[in-house]
Each structure stands twice: as C-alpha cells, then as structure tokens.
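The following note is meant to be read with the sequence and the structure side by side. Please consult both while working through the numbered points.

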Amino acid sequence: MEDLSEYLKESDSIDYTNPLVAEKATELKAASSDTMDYIERSYNFVRDEIPHTWDAKLTVVSKKASDVLKNKTGICWTKACLLAALLRANKIPAGISYQYLTRADDASDGYIIHALNTVYIDSLKKWIRLDTRGNKPGVNAQFSLQKEILAFPVRPEFGEKDFRDNHCDLDVRLKEILKTSGNILEVRADFEI
C-alpha cells in the first residue's frame, strides 16, 4: 500500500492547525453528509468563494493557506494550499500538481506555473486532480471523480506542459517568490518545476 503520510502533514504553506483554517474545516465538515461530500464542498468553497487575486484585481499576496482565508483571495498556488489544508485537517491526503502554461493565448508573453490539487479518494483507492483556480468566462473547472475537468487544457504546440506530478508541499521556489513579493505584480515564475 502507498504511504500517504507525507500528504497529511502540516507545513508552513499548508497550515491546517491555524485557527482560521481549522474553523473553516470544522464548518464545512459539519455541513457535509460524508467524506466525499466534504471533499466536494471544500473544493467548491475554495474555487467559488475565494476569488483569484488577478480576477479580483487585488494586489495583496496571500503566502499560505491561512492567508487566503484572512485576505479572502489567493492565486492558484495558495488556493491549492488552502484546499490541501482543509482536506488534511480532516485526515484526507492531498497534494499539489503543476502545469507550465503560457501567460497569453500564445507564447508571446512567456510562461507561468499553475498549481492544482491532488486528492486521494480512499473509497476508490486512487488519486484525482482538482483545480481550484476559480471559474470565469473561458475557465470552467469542475469536481469530477471520472475525468479531469481542469481550468486549463494544456497546449503542447505552445510549449505548455502538464507534469501530472504529486508533491506533498508547495515548491520551495514558489514559496520564496511569495515570501519576497510585497505586491501581486511582483509574483512571477516562468521556470519549469
């Protein structure tokens, strides 16, 4: 059997014992009928109730899961941390996966690192990926156990990549970018994970 313990640990980015995260996890759990409902409810909360910082035209930099709740906004990196924290708070293994995407409709403006979640579904004995980026015109990520419905389809013809990886914490380089950025406009990462 796969060792899932690394995907249940707390980290500086996935700070699930923080009172803000713990309270939200308790609230979502109390409203849920079972574990699957809790996973979907947590996913929908982060996707729909926490606006993506760029979409909301905000400049604040949420650096970890609890900051996303405190600031009521985050980019994909920290929204993924928040979903992982909410799930881990209730003993559900969760991680982070990455995509390397263009900033624009083509490669003319460079690339970004996009983060999404991995979630272990114990009843199915498999990992799924969920994208909490936040929907808007042209972006329609959904909760699905059968097939991935992510925010962005990868377009290899523009050099985009889907790493289909599974990390137990946010990449240290991304943490450093968040730590040293005082404004969302300073947050840039165009390297490959």
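**Note on the predicted model**

1. S32 is counted as buried, because its relative accessibility is 15%, and the limit for a buried residue is under 20%. The model discussed here is predicted. S32 lies in the loop between α1 (19-30) and α2. The side chain of S32 makes a polar contact with that of R41, at 3.5 Å.

2. The next topic is the sheet. Its four strands are arranged in the order β3-β2-β1-β4, forming an open sheet with antiparallel pairing. At its edges are β3 and β4, each of which pairs on one side only.

3. How many bridges join β1 to β2? There are nine, and the two strands run antiparallel. For a reader who wishes to locate this pairing in the model, L101 stands opposite I112 in β2.

4. The largest pocket contains about 670 Å³ of space. It is lined by 25 residues, and those closest to its centre are T102, R103, I112, R133 and F152.

5. Which elements supply at least two residues each to the lining of the largest pocket? They are α4 (76-88), β1 (94-102) and β2 (111-121). The largest share comes from β2, with three residues. Sorted by class, the lining has 14 nonpolar, eight charged and three polar residues.

6. The charged side chains deserve a separate point. Side chains of opposite charge can pair when their charged atoms come close. In the whole structure, a search finds 16 salt bridges.

7. One of these salt bridges is formed by D55 and K136, whose closest N and O atoms are 3.6 Å apart. D55 counts as partly exposed because its relative accessibility is 31%. K136 also counts as partly exposed, at 37%.

8. A further salt bridge joins K125 to D122, with the closest N and O atoms 2.9 Å apart. Is K125 buried or exposed? K125 is exposed, since its relative accessible area is 55% and the cut-off for exposed is over 50%. D122 has a relative accessible area of 45%, so it is partly exposed.

9. R155 and E160 form another salt bridge, in which the closest N and O atoms are 3.0 Å apart. R155 is partly exposed, with a relative accessible area of 22%, whereas E160 counts as buried at 5% relative accessibility. The two residues fall into separate classes because buried means under 20%. Elsewhere, salt bridges that share partners join R129, E148, D162 and R164 into one network.

Conventions:
Residues numbered from 1 in each chain as written. Predicted model: local features only at pLDDT ≥ 70, side-chain atom pairs only at ≥ 80, totals over all residues. Heavy atoms only, no water. 1 Å grid on protein atoms, 1.4 Å probe; cavity = no way out; pocket = protein on both sides within 12 Å on 5 of 7 lines; lining within 4 Å. Points joined across faces, edges and corners; volume = space filled by probe spheres on them. Nonpolar A, V, L, I, M, F, W, Y, C, P; charged D, E, K, R; others polar. Salt bridge = Lys/Arg side-chain N within 4 Å of Asp/Glu carboxyl O. Buried < 20%, exposed > 50% of the residue type's maximum accessible area, 1.4 Å probe, protein only. Pairing = 2+ DSSP bridges. Polar contact = N/O pair within 3.5 Å; in protein donor to acceptor, adjacent residues only side chain to side chain.
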